[in-house]
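Thanks for coming. I will go through one model this morning, starting with the ligand and ending with a single helix.

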Amino acid sequence: MSSPTGFDVAVVGGGLVGTALAYELVTMGARVVLVDRHDAGRATDAGAGILSPESMSVEDASWFALAMGSGEHYRSLVPRLEGDGTRVTGYAVTGLLRVAFREWEDDLFAANLALARDRRVAVEEITPEEARRRFPPLGEMRAAWYSPEAARIDGRSMTAALLDAAIARGLTVVHGGVDDVRTAGGRVTEVLTAGVSTKCDAVVIAGGAWTPALASRLDATIPVLPVRGQIVHLRLEGVATASWPIVSPLLSQYIVPWADGRVAVGATLEPDAGFDARPTAAGMRQLFSEMLRLAPGLAEATFLEVRAGLRPVSADDAPVLGALPGWDNAFVCTGHGANGLLLGPYSAHLVAQLVQGEAPELDLAAFSPARFGPDPSGAQRDA
Ligand SMILES: Cc1cc2nc3c(=O)[nH]c(=O)nc-3n(C[C@H](O)[C@H](O)[C@H](O)COP(=O)(O)OP(=O)(O)OC[C@H]3O[C@@H](n4cnc5c(N)ncnc54)[C@H](O)[C@@H]3O)c2cc1C
């Protein structure tokens with residue numbers, strides 16, 4: 001694919017997903033422009049960073065295959081970036097503790113453990129005392145299991161690392177919003193940013209929760225909505241937290257430890273907040289009260305900051321990956337909801353293969369935008 005005057009591909013959206021796409025495409029030799037508006041509420045900037053496909057309770061086989069592939073992809077992507085001379089900070093394999101601490105969670109806990117064992121992922125049931133040894137602030141609990149392969153990633157630094165590596169390979173970056181597209185002969189030919197046109201042979205919309213607005217300019221309905229999540233960051237002064245595992249209760253808030261005593265407690269799930277990315281008192285109260293029930297040892301932790309982001313959640317809660325109905329050079333890569341830091345880079349890898357005319361190494365049929373119905377207008381727009 002080549003264009004004498006423009007780019008092979010325009011990627012719209014520079015969160016983790018769009019940046020990973022841009023990196024994959026330049027690595028494959030494409031000439032790529034990444035256009036990003038960096039809206040307030042960008043999910044990547046708030047994400048907790050849990051990478052734990054092994055502990056997921058989602059039962060759909062395609063979804064689980066994508067999740068496991070995503071965990072595997074990180075294990076090769078991080079060294080790949082480092083091989084490119086880009087240091088990745090904020091990635092560590094720390095393991096994850098799944099805990100049940102209320103009586104009514106017993107059955108769910110047993111089912112979750114059985115599912116993990118059926119899938120033959122490495123998990124180990126441990127005693128509450130052992131769980132507290134690994135994560136000392138934990139209080140009383142009924143049961144616990146440990147997954148050694150879980151990792152955490154800082155979404156901001158991973159995105160920055162991908163961006164640096166992509167720029168080193170020739171990526172062009174434009175700061176601004178794509179407001180519209182031009183088409184001719186049933187193909188997208190240009191993207192428009194504040195009236196400035198950029199020619200391209202293909203476009204991929206990776207705009208997170210903002211994706212539907214641009215997709216609608218191509219008469220495509222992508223049912224993705226913002227679901228606000230708030231997450232608080234605290235510090236345990238003088239405590240070495242870097243190697244503590246992630247704590248993931250079955251039904252309430254999780255805790256993600258970082259280096260230097262930093263722990264993140266998240267997250268609220270607020271589908272009615274629209275595009276309002278401001279943190280609220282009610283959100284923080286919920287986080288603090290759940291946290292103190294689960295881990296009373298965090299009572300003396302000091303407040304660092306609260307982050308809020310808008311998860312891009314699709315109508316069936318599964319990613320939306322592939323060509324827009326009615327177009328063969330317009331693609332979408334979004335809908336990763338609460339799991340986009342995990343799924344995003346691998347989805348990007350697969351969609352990059354599709355954009356370049358290759359068969360993706362994992363069948364994407366289950367994630368096709370066409371599952372929501374064909375182009376509702378039945379017409380493509382040439383303008
Ligand atoms: C509190 C919280 C906790 C989370 N925890 C986890 C977790 O533990 N594990 C996990 O895997 N995931 C987690 N997630 C989910 C994850 O953060 C998201 O799924 C992921 O970051 C989505 O990335 P994205 O690139 O699709 O979207 P975003 O990061 O939202 O980026 C979209 C970008 O596209 C830009 N854009 C949109 N439209 C246009 C346009 N027309 N022109 C130019 N630019 C445009 C926006 O400005 C923005 O910069 C969490 C999310 C939240 C909010």
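Which element gives the most residues to the shell around the ligand? Helix 9 does, with four residues. Before I go on, this is a predicted model: local features need pLDDT of at least 70, side-chain atom pairs count only at pLDDT 80 or more, and totals for chains, interfaces and linings use all residues. Residues are numbered from 1 along each chain as its sequence is written. Helices (H or I, at least four residues) and strands (E, at least two) are DSSP runs, numbered from the N terminus.

The ligand, then. There are 45 residues around the ligand, and Gly15, Gly47, Gly208, Gly229 and Gly340 come nearest. Being near here takes a C-beta atom, placed from the backbone, within 6 Å of the molecule. Elements that give two or more residues to this shell include helix 1 (16-27), strand 14 (224-235) and helix 9. By class the shell has 19 nonpolar, 21 polar and five charged residues. For that count, Ala, Val, Leu, Ile, Met, Phe, Trp, Tyr, Cys and Pro are nonpolar, Asp, Glu, Lys and Arg are charged, and the others, Gly among them, are polar.

Next, the core. The largest nonpolar core has 116 residues, and Val12 and Val203 are among those that touch the most other members. Helix 9, residues 340-355, gives the most to this core, with nine residues. A nonpolar core is a set of buried Ala, Val, Leu, Ile, Met, Phe, Trp, Tyr and Cys residues joined through C-beta atoms within 7 Å. Buried means 20 or more other C-beta atoms within 10 Å of a residue's own, exposed means 12 or fewer, and partly exposed is in between, with C-beta atoms placed from the backbone.

Gly344 counts as buried because it has 33 C-beta neighbours inside 10 Å. Leaving out residues up to four places away in sequence, Gly344 touches Leu16, Val17, Ala20 and His336; contact means C-beta atoms, placed from the backbone, within 7 Å.

Last, helix 8. Where do its buried residues sit? Gly283, Leu287, Met291 and Leu294 are buried in helix 8. They cover an arc of only 65° around the axis, so they are on the same side of helix 8; the arc is that of the directions from the helix axis to the C-beta atoms. On the other side, Ala281, Ala282, Arg285 and Ser289 are exposed. The buried residues of helix 8 pack against strand 14, strand 15 (246-249), strand 16 (254-257) and strand 17 (262-266).

Methods. Two residues are in contact if their C-beta atoms, placed from the backbone, lie within 7 Å.
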